[in-house]
Amino acid sequence: MKALWRGYIESSLILKITIALILGAVVGLIFGKDAAVLAPFGDLLIRLLKFLIVPLVLFTLIVGINQTNLSSLGRMGGKVFAYYLLTSALAIIVGISVASLFDPGTGMTLNTDEEFKTPENPGVTSVLLNIVPENIINAFSELNLLGIIFTAIVFGMAISALRSSKEHAQLGESVYNVVSGLNEATLNIMKVIIHYIPIGVFAIVAEVVGNQGAGTLIELGSMVLVLYAALIVQIGFYIVFLLLSKINLKSFFREARTPMITAFVTQSSSGTLPITLRAAKNMKLSNSLYGFSLPLGATINMDGAAIRIAVSAVFAANIIGDPLSFTDMLQVVIIGTLASVGTAGVPGAGIIMIATVFAQLGLPMEAVGLLTAIDVLVGMGCTGLNVTGDLVGTTIVNKSEKKHGIENNQGHA
C-alpha cells in the first residue's frame, strides 16, 4: 500500500490528471446520471482551490510589490491591461470569422413560447466602484478578486513605505517577513492540495459526462464544434504571440497545461488561480508581475467568453434567418469587448455578456435560454482558454520587462 501511495505521489501531475479525465469520462458514460454520487469529491476540489485564493493573491501580491518599484508596477500594469483588452477584441473577431464560415444554427427553429430571464448587467461603473470594497472582510468572503487586488496593492505599498522610512524601517521589515512567511506557508498547503487534484478531476468529469450524455452534444453539436474550432484558432494566435516574443513553446506549455486542464474541468478561472500562480512560479516569471496580472486576468480577461459571445450571436442570427451584417459584427466586437470587462467577477457573467449583446442587436432572448443547455460543455472550453490567455499575456509582458531589469524573484510565489 505504501509503495502504491509513493508511486502516486511521485507520478507526473499531468499524467495523473490525464488518466483521471479518461476514467471520469468512461465512468460517466457507463453510469450516466448515477455518476452524480461522485459529485462531493469534485465539490471538495473546488472548495480546496477557492480556500487558497485569498491568501495566495493577498500575500503573493504584497510580497511582489515589495520586490519592485512603483514605476515598474505601473508600466507592467499598463501592458497587462492593454494585452487583455486587445486579445478580447481579437477573440471576438476570431469567433465571428469562424462562426460565419460554418454558420451554426442554420435550419434550426426556436421555441418562442419559453421565456428566459437574464441577469441584469451591472455595468462598467458598478464594476469599477466594486474595486474599492466597502468592507475588507466582505471582499474576502465574497471572493471579490478586484477588491482583494486593491487591498493587497494598498497594503503592499504601505509596507514598502514603512521599510523605506527611517523611523519605521525595522517595523516594516518585521511586517514584511511575517507576510513572506505566510506566503511560504500557503505554498506548502498548495503542495498538499495538488495531490488531490486528479481525484477531484475524475469526479467532476464523471458527473458532467453522466449528466450531459451524448444527447445534448448531438442536438446542438454544430454550435459546440464551431465554438471549439474558434478556441483552437485563438490558441494558434497565442502561439504566434509567444513565438514573436521568442518564448520557448515547449517550456511554456509544459507548465501551462496543468492549469489549462484544471480550468477546463472546473469551469472556474478564479478557482484555478492557485494552480495558475504555481505554473507562473515554475516558469520563473516575476512574482511582482504575475501576483497581480493573473488575479486581474481571472476577473476581466475572458477571451473564451468573448469567443462564446461572437459564436452565440451568429448562431442566434442564423436561427431566425437574419444573418449578421458587417455593421452588426462591428457592434459585436465593440460591445462584446466592453461587456467582458463590464461583467467582471459577476456570477453567470457569460450569460450576462451574451444577453447584453443580443439586446443591442435585437436578437431573441429565447436563444440565450437555448444556449444554456450546452452551458457546461461550452463553459469548459472557454474557461480553459481564459486561463491560457492570462498565462500567455503574463509571460509576454514578463519577457518585455527584462530589458527594464525586472527581477524574476521566484522565492515567493
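A helix is counted here as a DSSP run of H or I that is at least four residues long, and the helices are numbered from the N terminus. With that in mind, the loop between α13 (273–282) and α14 (287–300) is the place of K284. All views show a predicted model.

**Figure 1. The whole protein chain has 19 helices and 0 strands.** Of its 413 residues, 51% count as buried. Among contacts between residues at least 6 apart in sequence, 84% join residues that are at least 24 apart. The chain exposes about 18,500 Å², and carbon and sulfur atoms supply 65% of that area.

**Figure 2. Two lysines, K246 and K284, lie in loops between helices.** Most residues other than glycine have a negative phi. K246, however, has a positive phi of about 60° although it is not a glycine, and it is found in the loop between α11 (221–244) and α12 (249–266). The phi of K284 is also positive, near 65°. How exposed are these residues? K246 counts as exposed, because its relative accessibility is 69% and the cut-off for exposed is over 50%. K284 has a relative accessible area of 44% and is therefore called partly exposed.

**Figure 3. R75, K79 and E401 are linked in a network of salt bridges.** E401 meets R75 through a salt bridge with an N to O distance of 2.8 Å. This pair links distant parts of the chain, since R75 lies in helix α4 (residues 70–102) and E401 in helix α19, 326 residues apart. E401 also forms a salt bridge with K79, where the closest N and O atoms are 2.7 Å apart; here too distant parts of the chain are linked, with K79 in helix α4 and E401 in helix α19, 322 residues apart. Is E401 buried or exposed? E401 counts as buried, at 1% relative accessibility, whereas R75 is partly exposed at 28% and K79 is partly exposed at 27%.

**Figure 4. R163 takes part in a salt bridge with E173 and also lies over the face of Y176.** In the salt bridge, the closest N and O atoms of R163 and E173 are 3.2 Å apart. The two residues belong to separate helices, R163 to α7 (residues 145–164) and E173 to α8 (residues 169–194), and they are 10 residues apart. R163 is 4.0 Å from the ring centre of Y176.

Figure 5. A pair of aromatic rings is described by the distance of the centres and the angle of the planes. F237 has a relative accessible area of 32% and F241 one of 24%, so each counts as partly exposed.

**Figure 6. T388 lies in helix α19 (residues 375–401) and is buried.** Its relative accessible area is 2%. Which residues does T388 touch, leaving aside its neighbours within four places in sequence? They are Y238, F252 and M260. The C-alpha atom of T388 is separated by 9.3 Å from that of F253, although the two residues are 135 residues apart along the chain.

How values were computed:
Residues are numbered from 1 along each chain as its sequence is written. This is a predicted model: local features need pLDDT of at least 70, side-chain atom pairs count only at pLDDT 80 or more; totals for chains, interfaces and linings use all residues. Side-chain values use heavy atoms; hydrogens and water are left out. Buried means under 20% relative accessible area, exposed over 50%, partly exposed in between (1.4 Å probe, protein chains only). Contact means heavy atoms within 4.5 Å. Accessible areas come from the Shrake-Rupley method with a 1.4 Å probe; for residues, only the protein chains shown count as cover. A charge sits over a ring if NZ of Lys or CZ of Arg is within 6 Å of the ring centre and within 35 degrees of the ring normal. A salt bridge is a side-chain nitrogen of Lys or Arg within 4 Å of a carboxyl oxygen of Asp or Glu.
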